[in-house]
Amino acid sequence: MKDHDDTLSTNGASRRSFLGNTSAALVAAASLPILAAAQQTSAGTHTGVNEQELGPRNPGLEAQEPNSVFPPLTDAGGQPPFKYPFAMSHRRIESGGWTRQVTVRDFPLSKKMAGVEMRLISGGVRELHWHVGSEWAYMTAGSARITAVDQQGRAFVEDVNEGDLWLFPGGVPHSIQGIGENGCQFILVFDDGNFNEFETFLLTDYMHHTPSEVLAKNFGVPESTFDNVPPREKFIFASELPRSLAEEKKQVYEVTGPVPNSFAFFTGKMAPTKVTAGGSVKIVDRKNFPATNIAAAIVTVKPGGLREMHWHPNADEWQYYVKGTARMTVFSAGAHARTMDFHLGDVGYIDQSLPHFIENTGDTDLVFLEVFPTPEYQDISLGEWLAHTPSRLVNEHIGTGEEFLAKINKTEVVIAPEK
């Protein structure tokens, strides 16, 4: 009887074990379609129940930021946002045009550089002024007359057009005036993240806040000469168009002559530094623009092209997106990576030595600016590094095989594809 009970006990345990295992198998089998669906949605459809949004959402903004809503699986960690749209900046409108800015106060990551966007009507003047930091500029539309005087009294006056640059060193007084039928629009970049466009040294402010008897003594004229000095700043104001460029150059060059190195740079006269099947780049730094202490690259990437994986060892990078759409991934130490989408008017910022790439995600050319608070442009590409490191050593790290490593370009591609 004992043997029979033991048999029943053993058989019961076997039945329970069988039923338990069968139930687990059925549950697992039933869950397979759900897991498969979840895996399928991760592949790009984003329609699974695990990806639905039940609460409030902003579909317009989400549509512009697909790589934040559904980031690549390679993204990881708490990388802070590295973009700020000019469209979110407060715009100050005056009689001669408008302006807005993106500084470290708006964009905490932008510690070493600040940006300003400005529009001047035809005849509109950005008042004679100066500031502590250097001013680098890129003309995005129209034409402007720019003037400056250096520390030896040497003068500068020039007309610039869409695509041209200028650089005014810190402390050098200058002005900008819209000319032509529609005036101009441009981007200014300053080598100071805390720069404030609304707190510069203005000619009218300085004159108004100096006693008239001091002004009279300084210039050797009656006090009445200064009766019409405005009681407040003019900042951006409407004015008559300037005289001809030739006439103004003749006037301002008297006695002291022109500055030895022009503060303007005409990019249309410059051949691209590098051209590939994927696009082109023009690098402007002290090597070809002696007056500048701010280096820059004007990058054009064709649809599907890639500004190759790289980093800048000598400075932070400030970006402005002129045309097209893109995505950029920035990697930082500690295995942090984040991908963000970029559109016209967006500012990007990458800390010194952080590797990144920029990919054209649209169907038209992507054009963006890379600007650096240093006189010399420098970058290191991932491909160039691997190509000039012993292949056995590299293969021990990444396991691609030495044949792949032998085929990497020995010089940086800059914009892929190369051919």
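Here are a few notes on the nonpolar cores and aromatic rings of this predicted model.

1. Start with the main core. The largest nonpolar core holds 75 residues, and the members touching the most others are Trp-136, Trp-166, Phe-186 and Trp-318. Take Phe-186 as a way in: leaving aside residues up to four places away in sequence, Phe-186 touches Val-116, Glu-117, Met-118, Leu-120, Tyr-138, Met-139, Thr-140, Trp-166 and Ile-176. Another core, of five residues, lies apart from the largest one and includes Leu-386, Ala-387, Val-394 and Leu-405.

2. Now the rings. There are 20 aromatic pairs. One of them joins Trp-130 and Tyr-206, which count as edge-to-face because their planes sit at 75°, with centres 6.3 Å apart. This pair links distant parts of the chain, 76 residues apart: Trp-130 belongs to strand S5 (residues 125-130) and Tyr-206 to helix H4 (residues 203-208). Trp-130 is partly exposed at 26% relative accessible area, while Tyr-206 is exposed at 54%.

3. Trp-311 is buried, at 17% relative accessibility.

4. Phe-186 turns up again in an aromatic cluster, together with Phe-156, Trp-166, Phe-168 and Phe-263.

5. Finally, two lysines meet rings. Lys-83 has its charged end over the ring of Phe-342, 5.6 Å from the centre. Lys-269 lies over the face of Phe-266, 4.8 Å from the ring centre.

How values were computed: Residues are numbered from 1 along each chain as its sequence is written. This is a predicted model: local features need pLDDT of at least 70, side-chain atom pairs count only at pLDDT 80 or more; totals for chains, interfaces and linings use all residues. Side-chain values use heavy atoms; hydrogens and water are left out. A nonpolar core is a set of buried Ala, Val, Leu, Ile, Met, Phe, Trp, Tyr and Cys residues joined through side-chain atoms within 4.5 Å. Buried means under 20% relative accessible area, exposed over 50%, partly exposed in between (1.4 Å probe, protein chains only). Contact means heavy atoms within 4.5 Å. Rings of Phe, Tyr and Trp (its six-membered ring) pair if their centres lie within 6.5 Å; planes under 30 degrees apart count as stacked, over 60 as edge-to-face and the rest as tilted. Helices (H or I, at least four residues) and strands (E, at least two) are DSSP runs, numbered from the N terminus. A charge sits over a ring if NZ of Lys or CZ of Arg is within 6 Å of the ring centre and within 35 degrees of the ring normal.
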